[in-house]
Amino acid sequence: MKKNNIVLALAIMVLATLAVLLVVFLREFSIIDMYNWYKEHMTYGMIVLLMAIESSIIPLPSEVVVPPAAYFALRSGNLDIIMVVIMATVGAFLGALANYVLSMLVGRPVLYAFADSKVGHLLMLNSDKLKYAEDYFARKGAISIFLGRLLPAVRHLISIPAGLSRMNIFTFSVFTILGAALWNVVLALMGYWLSLAVPEEQLLASIEHYSGYLKIAGYGLILILIGYVCYKSFRKKGEKKETEENVGGEPTE
């Protein structure tokens, strides 16, 4: 067996094991359990830790971390809402940075091994195509990092292509921090508003309710971005076709 295939097989085994352990863990740990535990252990350090986990591949919702912290910051005064946003952003960046480094050091060799395997070739993949995709993301991926931090089901994964493409670490850091900070401000404002209008016993239910609106807005943004990309693609093809017709046509007086 080739070395690339051995690396690929080991990587699949490790990822499958982690996935099974994660599923087993989450089955015994509900959102309500997490919220009650978090309420008893709410500190700046815990905010950093949980937001770092949220920015990794573990599906921990940030909506259960930042809004309650902002809520109790204003209700009890034990925390400062500005520090909540700062600590949440620090945690989000640390988690994203971990994804970036792991993707660069581990993900790239595995992905290239898969692309150069027989299965990869059957899927029309090869190392040259991956290199082209890496170079494109390295050049155009900064805005994707920023917007990705605002999108549901994307924010905890967007660091992976950045690491795979070896995006400039400074660019990655700046746009990750900006996007994470904006998202955390939105969540903190939710917690601030809930602290003025919702009693504590209704907090979790209210967070789940209003988080649904944030997800709808996020999915709406995804549709807008897809529409924009399609528009640019069709417009570029139309301009190319028009140019080819002008070049190939007869000169006009």
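Two exercises with worked solutions follow. The model is predicted, local features need pLDDT of at least 70, side-chain atom pairs count only at pLDDT 80 or more, and totals for chains, interfaces and linings use all residues. Residues are numbered from 1 along each chain as its sequence is written, and side-chain values use heavy atoms, leaving out hydrogens and water.

**Exercise 1.** Determine how α4 and α10 are oriented to each other, and which residues meet.

Solution.
1. Helices are DSSP runs of H or I, at least four residues, numbered from the N terminus. Here α4 spans residues 66-75 and α10 residues 169-197.
2. Their axes (lines fitted to C-alpha atoms over the stretch in contact) are 7 Å apart, at an angle of about 45 degrees. Angles run from 0 to 180 degrees between N-to-C directions.
3. Angles under 35 degrees count as roughly parallel, over 145 as roughly antiparallel, 65 to 115 as roughly perpendicular and the rest as oblique; α4 and α10 are therefore oblique.
4. With contact meaning heavy atoms within 4.5 Å, V66, P67, A70, Y71, L74 and R75 of α4 meet α10 residues including N184, L187 and Y192.

**Exercise 2.** Locate R166, decide whether R166 is buried or exposed, and find its contacts distant in sequence.

Solution.
1. The loop between α9 (159-164) and α10 holds R166.
2. Buried means under 20% relative accessible area, exposed over 50%, partly exposed in between (1.4 Å probe, protein chains only). R166 has 52% relative accessibility, so R166 counts as exposed.
3. Neighbours within four places in sequence aside, R166 contacts Y100, M104 and R108.
4. For R108, 58 residues away along the chain, the C-alpha separation from R166 is 9.2 Å.

Technical notes
Helices (H or I, at least four residues) and strands (E, at least two) are DSSP runs, numbered from the N terminus.
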